Amino acid sequence: MMRVVLGQTQDIDNEFLSFAKQLGLHGVQVNTPRLPGDGSWEYGGIAELVEKCASQGLELEAIEGLPIRFYDKVMRGLPGRDEQIANVAKTIRNLGRAGVRYLGYHFMPLSVWRTGNLPSGRGGAYVTSFDAGQVAVAARNGTLLISRRDLTSEHDSFVKGEGLRDGSGCRAEDLWENYRYFATALAPVAEQAGVICALHPDDPPVNELGGFPRIINTPPALDRAMSIVDSPCWQVLLCLGSVSEMGGEDAVLESIRVLGGRNKIAYVHFRDVKGTVPSFKECFLGEGNFNPMRVMAALQDAGFDGFVMDDHVPAVINDTSYHHRARAYAVGYLQGLIAGTESR
Ligand SMILES: [Mn+2]
């Protein structure tokens with residue numbers, strides 16, 4: 001049975017857990033938690049988080065957002081990558097031992113970029129946007145938004161920056177080779193630990209940003225990434241927002257059909273945008289590129305029976321930095337979709 005999980009917080013406290021219970025949920029996710037450990041997360045810190053959730057009757061379903069500094073050399077193929085891989089393996093084993101089933105990660109050393117955050121959403125809601133044609137200007141003006149949860153202490157994960165430049169000369173095929181190295185080393189560890197490593201697609205899914213290639217940027221690329229190792233513990237964190245940015249509803253339905261058919265959907269970020277690369281902006285569910293009901297039905301028809309969750313949400317009036325109001329709207333929307341889908 002599909003279910004909804006609440007997440008995208010960096011800190012799990014009792015208020016967050018109460019909010020999840022008030023929304024009628026049984027599980028939560030945490031993104032880039034501040035856990036003890038240098039280069040890896042220690043068992044004790046993970047177990048404490050799991051216990052904190054369990055004490056409120058909630059399951060910690062997933063941890064995502066492996067800090068970029070844990071595996072930047074792996075992504076870039078630099079000396080020191082084997083040491084980082086050994087540390088990621090340690091993290092995976094600690095997660096498994098603590099009973100966390102999913103580790104979400106991405107393969108973008110330069111992270112998520114946006115060129116705008118304006119009250120241009122429905123009713124004046126603040127939404128972020130990306131326009132490839134604006135990147136150079138935003139970088140020059142210092143208004144480029146770069147998501148670095150590992151560097152900020154705010155719920156809003158974006159930091160303003162002049163844009164990162166990468167002069168390593170890494171080409172797309174080099175990055176694919178680095179991904180192959182990463183996957184080949186860690187899939188067996190994940191299997192042994194009983195943890196599913198879940199790859200988040202690139203956001204924005206363009207070919208290059210800051211002089212560095214992006215490779216997980218089309219539905220076939222996701223399929224390719226899943227063909228590198230043959231392991232039930234190597235799956236996709238299907239961010240529908242990122243896939244919608246690639247090609248709207250067609251891309252979303254294709255990825256659900258192809259990945260779902262291979263049992264490669266770990267869990268789902270259920271959000272949408274208006275427009276596709278090179279230019280899109282975020283929005284509320286139901287006004288974006290895809291029909292949410294068709295997409296939820298496609299997930300069910302593909303045999304997916306895991307969890308879907310909130311991701312980025314527009315900022316509405318008087319909301320908190322965590323966006324409780326907008327998240328409650330998204331969660332309620334998803335619960336309604338699931339109820340509707342299952343009563344077909
Ligand atoms: Mn996402």
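The model is predicted, so local features are described only at pLDDT of at least 70 and side-chain atom pairs only at pLDDT 80 or more, while totals for chains, interfaces and linings use all residues. Residues are numbered from 1 along each chain as its sequence is written, and side-chain values use heavy atoms, with hydrogens and water left out.

The manganese ion is coordinated by His200 through NE2, Cys239 through SG, His269 through ND1 and Asp311 through OD, at 2.2 to 2.5 Å. Donors here are N, O and S atoms within 2.8 Å of the metal (3.2 Å for Na, K and Ca); water is not among the atoms, so sites may look incomplete. Along the chain, the donors follow the spacing H-x38-C-x29-H-x41-D. Helices (H or I, at least four residues) and strands (E, at least two) are DSSP runs, numbered from the N terminus. Both histidine 269 and aspartate 311 are buried, where buried means under 20% relative accessible area, exposed over 50%, and partly exposed in between (1.4 Å probe, protein chains only).

The loop between strand 17 and helix 10 also holds histidine 323. Histidine 323 counts as buried because its relative accessibility is 19%. Leaving aside residues up to four places away in sequence, histidine 323 touches Val313 and Ala315; contact means heavy atoms within 4.5 Å.

Helix 1 (residues 14-22) comes next, with Phe16, Leu17, Phe19 and Ala20 buried. Seen down the helix axis, these buried residues fall within an arc of 155 degrees, so they line one face of helix 1; the arc is that of the directions from the helix axis to the C-beta atoms. Their packing partners are strand 1 (3-9), strand 2 (27-31), helix 2 and helix 10. On the face turned away from the buried side, helix 1 carries the exposed residues Glu15 and Gln22. Just after helix 1, glycine 24 adopts a positive phi of about 85 degrees.

Helix 2 (residues 43-54) has a further partner in helix 4 (residues 81-98): their axes come within 9 Å and cross at roughly 35 degrees. The contact involves Tyr43, Ile46, Ala47 and Val50 of helix 2 together with Thr91, Asn94, Leu95, Arg97 and Ala98 of helix 4.

Several backbone features complete the picture. A cis peptide bond, with omega about -5 degrees, joins aspartate 203 and proline 204, and proline 204 is placed in the loop between strand 10 (196-200) and strand 11 (208-209). The bond from valine 277 to proline 278 is cis too, with omega near 20 degrees; proline 278 lies in the loop between strand 15 (273-274) and strand 16 (279-282). Although not a glycine, threonine 32 has a positive phi of about 50 degrees. Threonine 32 occupies the loop between strand 2 and helix 2 and is buried, with a relative accessible area of 7%. Serine 111, likewise not a glycine, has a positive phi of about 65 degrees.

Key: Axes are lines fitted to C-alpha atoms, for helices over the stretch in contact, and angles run from 0 to 180 degrees between N-to-C directions.
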